[in-house]
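Good morning, and thank you for joining.

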Amino acid sequence: MCRHLAYLGQPRTLQELVLDPPYSLGVQAYAPRRQQHGTINVDGFGVGWYTPRRSEPVRYRRAQPMWADQSFASLAPTVDAGCVVAAVRSATPGYPSEESGAAPFTHGRWLFSHNGALGDLPLARKALRDEVSWVPDALAPVDSALLFGLAVARWESGCGLGDGLARVTREVAELGGGRLNLLAGDGERVAGTTYGDTLFVHETADGVLLASEPCDDDPAWAPVPPRSLVEVDRHGVVVTSL
Ligand code: GLN
């Protein structure tokens with residue numbers, strides 16, 4: 001299982017969001033506290049964020065572990081953003097460890113991450129792959145990319161950010177499922193699903209974090225119930241059952 005995180009709120013640096021907390025995503029790469037599948041997250045990482053300069057996010061990914069990337073360590077204190085999606089990866093057996101397989105995946109204004117593994121659905125996978133072939137990031141050699149393509153197709157046909165994630169989670173679950181914790185952002189909102197793994201929400205007056213596991217010991221971290229959709233926008237947090 002990978003670990004992922006999304007933030008929406010007052011601009012904060014990538015350093016503050018991803019590296020500084022005692023159990024930050026950077027620490028979760030080598031010492032996750034609640035990971036049930038896999039032990040460490042060495043198969044790459046990625047951070048995506050939005051800038052006022054354009055509507056598409058900036059996306060930085062590497063095939064190496066987060067702690068081994070001095071370039072990310074040097075830029076993280078200098079970049080601030082009010083909407084961020086980040087992930088550290090433990091590749092599911094059968095998928096290569098390479099940059100194109102690391103979340104977040106992106107297309108237009110969307111950022112997406114998947115924590116889990118798609119079930120064994122060989123025929124459905126072929127049909128689904130054909131459906132998403134117009135989304136370049138959806139062609140990466142990893143199950144998460146396919147789920148991203150399905151989400152983009154729903155978003156681009158008019159579904160809201162959270163609704164698109166909920167539909168993909170439900171539809172893939174019906175086909176045979178797997179572990180489907182999805183997470184996404186569009187610059188103005190972030191959303192996530194819980195389907196097979198944990199997700200926590202941390203809300204303050206300045207912003208909201210969604211994360212696979214708490215980044216510190218603040219009692220304000222609250223678990224999102226299993227099989228839920230959590231949606232965050234500037235009005236607050238809404239959790240609904242999937
Ligand atoms: N299945 C995805 C991958 O291989 C996600 C893995 C995970 O959550 N550990 O990257």
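Strands here are DSSP E runs of at least two residues and helices are H or I runs of at least four, numbered from the N terminus. This is a predicted model, in which local features need pLDDT of at least 70 and side-chain atom pairs count only at pLDDT 80 or more, while totals for chains, interfaces and linings use all residues. Residues are numbered from 1 along each chain as its sequence is written.

Strand β1, residues 3-13, runs antiparallel to β4, and eight bridges join the two; strands count as paired if DSSP finds at least two bridges between them. Strand β2, residues 45-49, is also antiparallel to β4, over five bridges. Within β4, Val-84 stands opposite Trp-49.

How much of β4 is buried? Seven of the nine residues in this strand, 80-88, are buried. By buried I mean that 20 or more other C-beta atoms lie within 10 Å of the residue's own; exposed means 12 or fewer, and partly exposed lies in between, with C-beta atoms placed from the backbone.

Leaving aside residues up to four places away in sequence, Val-84 touches Ala-6, Tyr-7, Leu-14, Leu-17, Val-47, Gly-48 and Trp-49, a contact being two C-beta atoms, placed from the backbone, within 7 Å. Val-84 is also among the residues with the most contacts inside the largest nonpolar core, which has 70 residues. Such a core is a set of buried Ala, Val, Leu, Ile, Met, Phe, Trp, Tyr and Cys residues joined through C-beta atoms within 7 Å.

**A second site**

His-202 lies in strand β9, residues 200-203. Is His-202 buried or partly exposed? His-202 counts as partly exposed because it has 19 C-beta neighbours inside 10 Å. Its contacts, again without residues up to four places away in sequence, are Val-208, Leu-209, Asp-218, Ala-220 and Trp-221.

**The chain as a whole**

The protein chain comes to six helices and 13 strands. Of its 242 residues, 50% are buried. Along the principal axes, the C-alpha trace spans about 45 × 35 × 35 Å.

As for confidence, the chain averages a pLDDT of 95, and 99% of the residues score at least 70; pLDDT is the predictor's confidence in each residue, from 0 to 100.
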